[in-house]
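Subject: Structure handover

Hello,

The structure I promised is below. Please look through it before reading my notes, which follow directly after it.

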Amino acid sequence: MAVRAIRGATQVDADDRDQVLEATRELVSTVVERNGLDHDDIISILFTATPDLVSEFPALAARELGMGDVPLMCATEIGVAHALPRVLRLMAHVETDRPRAEIQHVYLRGAVALRRDIAQ
């Protein structure tokens, strides 16, 4: 079994606590589903938010999904002037038998624009 990193991102319409939590739950759930992961496969998840999102910690959404025993961390993305606003990102470290080429990175909502080459 290998350790793999899975990337993902989503965008919200406003810095609203409910939107941040809903979008993050959707992102985490989609990463888990598309990569055929079980709870015990998840080693850790690093969440980032653009500097314009401060209403809630994205990690709370993962805890609400039952990931209270998974190490979770939140950080702020660097404030690049031309960056897409209101974006939540994650990097999940997982154990999986899938080769790197079969990992499904997940870009949802407006964040599809970040990685059109791999967004589904």
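The lining of the largest cavity draws at least two residues from each of α1, β2 and β4. Here helices (H or I, at least four residues) and strands (E, at least two) are DSSP runs, numbered from the N terminus. This is a predicted model, in which local features need pLDDT of at least 70 and side-chain atom pairs count only at pLDDT 80 or more, while totals for chains, interfaces and linings use all residues. Residues are numbered from 1 along each chain as its sequence is written, and side-chain values use heavy atoms, with hydrogens and water left out.

The cavity holds about 50 Å³ of space, and a search of the whole structure finds one cavity of 30 Å³ or more. On a 1 Å grid over the protein atoms alone, a cavity is a set of points where a 1.4 Å probe fits but cannot get out; a pocket is an open set with protein on both sides within 12 Å along at least five of seven lines; lining residues have an atom within 4 Å of a point. Grid points are joined across faces, edges and corners, and a volume is the space filled by probe spheres set on the points. Among the residues lining the largest cavity are Val28, Ile45, Met67 and Leu90. By class, this lining has 10 nonpolar, no polar and no charged residues (Ala, Val, Leu, Ile, Met, Phe, Trp, Tyr, Cys and Pro count as nonpolar, Asp, Glu, Lys and Arg as charged, and the others, Gly among them, as polar).

The largest pocket has about 160 Å³ of space. Its lining includes Pro51, Phe57 and Cys74, and β3 gives the largest share, three residues.

As for the sheet, five strands form an open one in the order β3-β2-β4-β1-β5, with mixed pairing (two strands pair if DSSP finds at least two bridges between them). β3 (72-76) and β5 (106-107) are at the edges with a single partner strand each, so one side of each has no neighbour in the sheet. β1 (residues 2-11) and β4 (residues 87-96) pair in the antiparallel sense over 10 bridges; Gly8 has Leu90 in β4 as its bridge partner.

Regards
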